Amino acid sequence: MKNIDSGNHTTGKSLYLDDIPLVAGTLFGAAFISPVAHGHIERLDLAEAAQHPGVVRIFTHRDITGENQIGGIIPDEPLLAEHEVDFCGMPIAFVVAETDEAARAAVRKITAEITPLPIITDPRVAQAQGELIVPPRTFQLGDPERAWDQCAYVVEGSADTNGQEHLYIETQCAYAIPEENEGLKIYSSTQSPTASQRAAARVLGVPMHQLEVDVIRLGGGFGGKEDQANAWVALCALAAHHLRKPVKYVLHRLEDMQMTGKRHPYSSDFKLGLDKDLNIIAYESTYYQNAGAAADLSPAIMERTLFHATGTYFIPNVKATAFSCRTHLPPNTAFRGFGGPQAKFVMEAAIAKAAEQLGIDACVIQKQNLNKTGDEFPYGQKAVSESHACWHKAETLYDVEALRQQVQDFNASNTVRKKGLAFMPICFGISFTNTSMNQARALVHVYYDGSVKVSTGAVEMGQGVNTKLLQVAAQTFSINPSRVRLQTTSTNRIANTSPSAASATADLNGKAVQLACQAIVQRLKEVAAQELQVPEAAVELRDEKVLVHGEETALDWKKLVTAAFLKRISLSEHAHYATPEVHFNKATEKGHPFAYHVYGTAITIATIDCIRGTYTVDAVKVVHDFGRSMNPNIDRGQIEGGIVQGIGWMTMEELLYDHTGRLRSNTLSTYKVPDIYSVPKEIAIEALQTDNDNLAIFRSKAVGEPPFMYGIGTYFALRNAIKAFNPDSPIGFNAPMTPEKVLLALYPQPATGVKVTHAQSVSHVAVS
Ligand code: MTE
Ligand code: HPA
Ligand code: MOS
């Protein structure tokens with residue numbers, strides 16, 4: 001089935017928040033933000049701005065009737081700064097005016113006198129000074145201390161990854177409209193309507209039932225709207241609550257890039273030990289997560305990093321420790337993979353370094369150490385592994401020997417262009433790591449004309465979840481998909497929802513839809529049995545027909561629905577689903593946190609231009625564990641998109657904060673994302689059809705985040721190409737691999753007296 005949105009998307013008919021017709025009298029908000037990363041607010045001068053024509057009112061923390069707090073996991077994030085600012089871009093005041101232009105013009109007239117305070121941008125510096133968001137955590141398996149003695153080879157090193165801007169096409173936005181009795185209806189571009197509702201209720205000091213949050217769809221979220229849509233909801237709600245007027249705020253791209261947090265940059269250390277047969281015996285890793293100025297989702301992301309410390313490999317002795325470090329960057333947040341990709345990069349770096357020292361191809365170590373069914377992860381869960389199956393199928397299907405030969409031949413006959421090849425196996429845990437979040441509800445109505453309406457907590461953000469939910473309803477009822485319609489995601493219909501995140505949206509909400517439809521089907525079968533005077537067990541609903549012992553009858557879907565209605569049988573159901581089997585004990589750091597894992601293997605071939613440092617990705621060839629895909633078109637789209645986004649993170653997307661904590665790469669001319677010219681020339685995706693009894697909806701495994709990590713293969717393919725040109729290149733592990741870094745790695749000693757400094761991870765770059 002095609003994605004139900006593709007027609008409207010391509011003809012521009014799909015509705016987003018900014019397309020909602022304005023209610024008469026709508027006012028517009030704009031935030032005045034901190035120009036510095038850390039300081040004490042001595043004076044805030046609003047007088048001139050308040051005089052600006054069209055300005056209705058300027059809100060500060062003093063106007064907050066509830067709590068000035070939007071921190072979801074830890075209450076450490078004021079909505080509006082009080083006496084101190086903690087990051088450049090932190091909202092200080094919210095101007096509301098008759099027009100968008102007036103609001104922004106007034107913002108420019110606000111002045112603040114701020115005494116600067118010391119700034120930390122480096123997570124290791126923060127950790128050394130005890131600036132931690134939460135206490136560190138350690139996951140452990142076996143006894144690495146003792147295992148080092150058994151190792152024939154031990155390598156140590158460090159590996160850094162930079163952050164990543166979400167760059168959802170639709171910027172952050174909210175629109176709050178007053179209703180009677182102090183109620184507010186709030187449209188939002190949020191992945192988590194409940195989190196937004198809760199944040200606004202807390203700021204206003206009102207019960208959650210006073211607010212409705214309604215989401216049509218998102219022009220992309222990628223994690224950036226899991227938590228960070230809440231501030232704009234709360235600001236618009238605050239203003240609409242006081243003024244009893246509709247208030248809308250749509251961030252400009254520059255504002256969005258300056259004010260919102262991003263993927264967490266990580267700086268990490270590793271130590272890897274192998275025996276003489278290349279079995280990995282021990283692994284120790286330490287992660288310094290750059291959390292930014294407030295917790296946001298950082299503790300949960302740090303936890304997922306630890307869950308993915310060993311990547312796709314089985315290692316019997318592991319010690320992985322993570323620090324969530326408080327710095328003066330905007331609070332970093334969820335981004336596709338949620339800390340998993342950062343961990344996998346470190347693991348792959350360790351293997352690459354070991355391979356380098358042993359003078360072998362990394363894939364020898366990779367393949368040898370892939371996990372197997374029954375192997376224990378450091379967190380206690382046992383693997384049900386497809387890693388060997390994916391690897392093996394990729395090797396044979398794509399004829400790796402031939403690919404490797406082509407790369408060798410190319411490198412032998414070209415002096416200024418070199419190719420590199422790398423494998424990237426993935427293994428990603430599906431479920432919210434916080435067990436309580438693995439629940440969902442669905443509300444299904446069958447109208448008496450036989451048409452169906454489905455509401456869930458799922459937010460459509462381009463990933464195709466609405467299409468999948470529609471398929472679940474149509475298939476469970478065995479009716480034509482055209483009879484089913486999805487409703488917007490509203491906290492009035494579905495309460496207490498988890499965010500649409502963790503790749504689990506279709507699983508959780510789909511299972512709830514399935515349960516609701518099954519309950520209605522059961523009642524309909526009872527009605528049919530009565531109508532047809534047959535035992536209920538003989539009745540079956542198939543293709544809109546009512547069958548008895550497999551034979552068609554005069555009853556069909558529409559007639560049966562009408563009959564049920566006339567018999568006063570409920571045609572609606574609200575169902576609840578909670579993932580079985582998942583649990584985790586934080587005291588022991590052991591349990592069974594994931595419903596299942598998604599596996600896959602990517603082979604990447606890249607070519608570098610050794611004169612310019614530029615590169616192209618020739619091909620990414622994937623074998624992916626789909627389970628049994630319920631929608632191969634959508635799943636393929638998720639894999640292609642994930643790969644390209646992962647390559648962007650690993651290669652060209654270079655976030656630069658200067659030493660004052662200001663974001664310098666704050667436009668699309670200074671922050672490069674992959675475009676049609678930089679995507680791989682070829683992306684091949686082959687399914688590993690696995691039919692294990694997994695907990696995925698219709699056994700169609702989650703696909704949202706896992707493919708992102710295939711992009712890590714590009715970093716290592718480029719690295720191998722660099723080594724093919726200059727085997728002595730001292731290149732370390734510091735993503736992204738920009739063309740500038742490639743060039744510096746190819747020619748590490750500048751011939752002249754010119755001093756070249758590597759653009760290091762975010763925190764070390766000084767821009768004057
Ligand atoms: N695909 C599109 N087109 N847009 C998005 O915002 N978000 C990703 C992924 N794929 C995203 C996307 C992220 S971060 C997650 S967690 C999943 O989709 C969420 O949706 P799912 O749970 O339905 O897979
Ligand atoms: N993944 C994604 N988002 C989340 C998670 C998770 O495990 N936990 C809380 N939000
Ligand atoms: Mo995705 S990072 O779990 O929204």
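Analyst: A cavity, as the word is used here, is a set of grid points where a 1.4 Å probe fits but cannot get out. The model discussed is predicted, and the second largest cavity in it has a volume of about 120 Å³.

User: What lines the second largest cavity?

Analyst: A lining residue must have an atom within 4 Å of a point of the cavity, and the residues that meet this cut-off here are E348, I351, A352, D361, A362, C363, Q366, L421, A422, F423, F716 and N720. The elements that give two or more residues to this lining are helix 10 (340-358), helix 11 (362-368), strand 16 (417-430) and helix 18 (712-725). By class, the lining has eight nonpolar, two polar and two charged residues.

User: How many cavities of 30 Å³ or more does the structure hold, and what volume of space lies in the largest cavity?

Analyst: The structure holds seven cavities of 30 Å³ or more, and about 200 Å³ of space lies in the largest cavity. Its lining comprises 17 residues, those nearest the centre being I70, E77, F87, A231 and M259; divided by class, the lining has ten nonpolar, four polar and three charged residues.

User: Why is the space taken by ligand 2 called a pocket?

Analyst: The space in question is the second largest pocket, and the word applies because a pocket is an open set of points with protein on both sides within 12 Å along at least five of seven lines. About 850 Å³ of space lies in this pocket, and of the 38 residues that line it, G72, I73, L297, N434 and M437 are the closest to its centre. Helix 6 (193-204) and helix 9 (298-307) each supply at least two residues of the lining, which divides by class into 16 nonpolar, 13 polar and nine charged residues.

User: What makes E226, R304 and T433 polar contacts of ligand 2?

Analyst: The cut-off for a polar contact is a pair of N or O atoms within 3.5 Å, and each of the three residues can be set against it in turn. For E226, an N or O atom of the side chain is 2.5 Å from a nitrogen atom of ligand 2, so the pair falls within the cut-off. For R304, an N or O atom of the side chain is 3.1 Å from an oxygen atom of ligand 2, and therefore this pair qualifies as well. For T433, a backbone N or O atom lies 3.1 Å from an oxygen atom of the ligand, so that pair also counts. Taken alone, ligand 2 exposes 260 Å², of which the protein buries 97%.

User: Which residues surround ligand 2, and how do they divide by class?

Analyst: Ligand 2 is surrounded by E226, R304, F338, F432, T433, M437, A501 and A502, and this shell divides into five nonpolar, one polar and two charged residues. A502 has a further feature, a positive phi of about 60 degrees although the residue is not a glycine, and its place is in the loop between strand 20 (489-490) and helix 15 (505-532).

User: How do you know that R336, M461 and Q463 make polar contacts with ligand 1?

Analyst: The test is again a pair of N or O atoms within 3.5 Å. A polar side-chain atom of R336 lies 3.4 Å from a nitrogen atom of ligand 1, so the pair is within the limit. A polar backbone atom of M461 is 2.8 Å from a nitrogen atom of the ligand, and a polar side-chain atom of Q463 lies 3.1 Å from an oxygen atom of the ligand; both pairs therefore pass. On its own, ligand 1 has 520 Å² of accessible area, and the protein covers 92% of this.

User: Which residues come nearest to ligand 1?

Analyst: Of the 16 residues around ligand 1, those that come nearest are G221, F222, M461, T505 and Q638, and the shell has five nonpolar, nine polar and two charged residues.

User: What is the omega of the peptide bond from A735 to P736, and where is P736 found?

Analyst: That peptide bond is cis, with omega near 5 degrees, and P736 is found in the loop between helix 18 and helix 19 (739-746).

Note on methods
Residues are numbered from 1 along each chain as its sequence is written. Chains are lettered from A and ligands numbered from 1 in the order in which they are written. This is a predicted model: local features need pLDDT of at least 70, side-chain atom pairs count only at pLDDT 80 or more; totals for chains, interfaces and linings use all residues. Side-chain values use heavy atoms; hydrogens and water are left out. A residue is near a molecule or strand if one of its heavy atoms lies within 4 Å of it. A polar contact is a pair of N or O atoms within 3.5 Å; within protein, one must be able to donate a hydrogen and the other to accept it, and residues adjacent in sequence count only if both atoms are side-chain atoms. Accessible areas come from the Shrake-Rupley method with a 1.4 Å probe; for residues, only the protein chains shown count as cover. On a 1 Å grid over the protein atoms alone, a cavity is a set of points where a 1.4 Å probe fits but cannot get out, and a pocket is an open set with protein on both sides within 12 Å along at least five of seven lines; lining residues have an atom within 4 Å of a point. A molecule sits in a cavity or pocket if more than half of its atoms lie within 2 Å of its grid points. Ala, Val, Leu, Ile, Met, Phe, Trp, Tyr, Cys and Pro count as nonpolar, Asp, Glu, Lys and Arg as charged, and the others, Gly among them, as polar. Grid points are joined across faces, edges and corners, and a volume is the space filled by probe spheres set on the points. Helices (H or I, at least four residues) and strands (E, at least two) are DSSP runs, numbered from the N terminus.
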